[in-house]
Amino acid sequence: FPVTIGSLGIDHCDLIHFDLEGYETNALMGAINLIEKSSPVIITERECGREFLESIGYRMVQKTSMDAIFVRG
């Protein structure tokens, strides 16, 4: 059965790093309450989820060979 970030009972976080082979947007949607509350730095593989993150106020601040780093604001 799938486990969502929202089901873990986490109240705050500073960083979320996703490596989900293209399922990052689904995971981001499942973590939206925590993201809205904490505004963590978010790292995704190959800019996956970029459109979703930009729609909720994030911007890409750095790209490595495999990952993209997003911050809110």
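Strand β2 (residues 41-45) is largely enclosed by the rest of the structure, since 4 of its 5 residues are buried. This description rests on a predicted model, in which the protein chain averages a pLDDT of 91 and 99% of the residues score at least 70. Confidence is lowest in helix α1 (residues 24-30), with a mean of 89, and highest in strand β3 (residues 58-63), with a mean of 97.

The pairing of β2 with β4 is antiparallel and extends over 4 bridges; here Ile 43 stands opposite Ile 69 of β4. Strand β4 (residues 67-72) is in turn paired with β3, again in the antiparallel sense, over 5 bridges. In that pairing, Tyr 58 is placed opposite Arg 72 of β4. A hairpin is formed by β3 and β4, with 3 residues between the two strands.

The largest nonpolar core comprises 15 residues, and those with the most contacts inside it are Leu 28, Ile 35, Ile 42, Leu 53 and Tyr 58. Two or more residues are contributed to this core by each of α1, α2 (32-38), α3 (50-55) and β4. The surroundings of Ile 42 illustrate how these parts of the chain meet. Apart from residues up to four places away in sequence, Ile 42 touches Ile 16, Phe 18, Leu 28, Ile 35, Leu 53, Tyr 58, Ala 68, Ile 69 and Phe 70.

A polar atom of the Thr 44 side chain lies 2.9 Å from the backbone oxygen of Cys 48. When residues up to four places away in sequence are left aside, the contacts of Thr 44 are with Phe 18, Glu 24, Leu 53, Met 66, Asp 67, Ala 68 and Phe 70.

How values were computed:
Residues are numbered from 1 along each chain as its sequence is written. This is a predicted model: local features need pLDDT of at least 70, side-chain atom pairs count only at pLDDT 80 or more; totals for chains, interfaces and linings use all residues. Side-chain values use heavy atoms; hydrogens and water are left out. pLDDT is the predictor's confidence in each residue, from 0 to 100. Two strands pair if DSSP finds at least two bridges between them. Buried means under 20% relative accessible area, exposed over 50%, partly exposed in between (1.4 Å probe, protein chains only). A nonpolar core is a set of buried Ala, Val, Leu, Ile, Met, Phe, Trp, Tyr and Cys residues joined through side-chain atoms within 4.5 Å. Contact means heavy atoms within 4.5 Å. A polar contact is a pair of N or O atoms within 3.5 Å; within protein, one must be able to donate a hydrogen and the other to accept it, and residues adjacent in sequence count only if both atoms are side-chain atoms.
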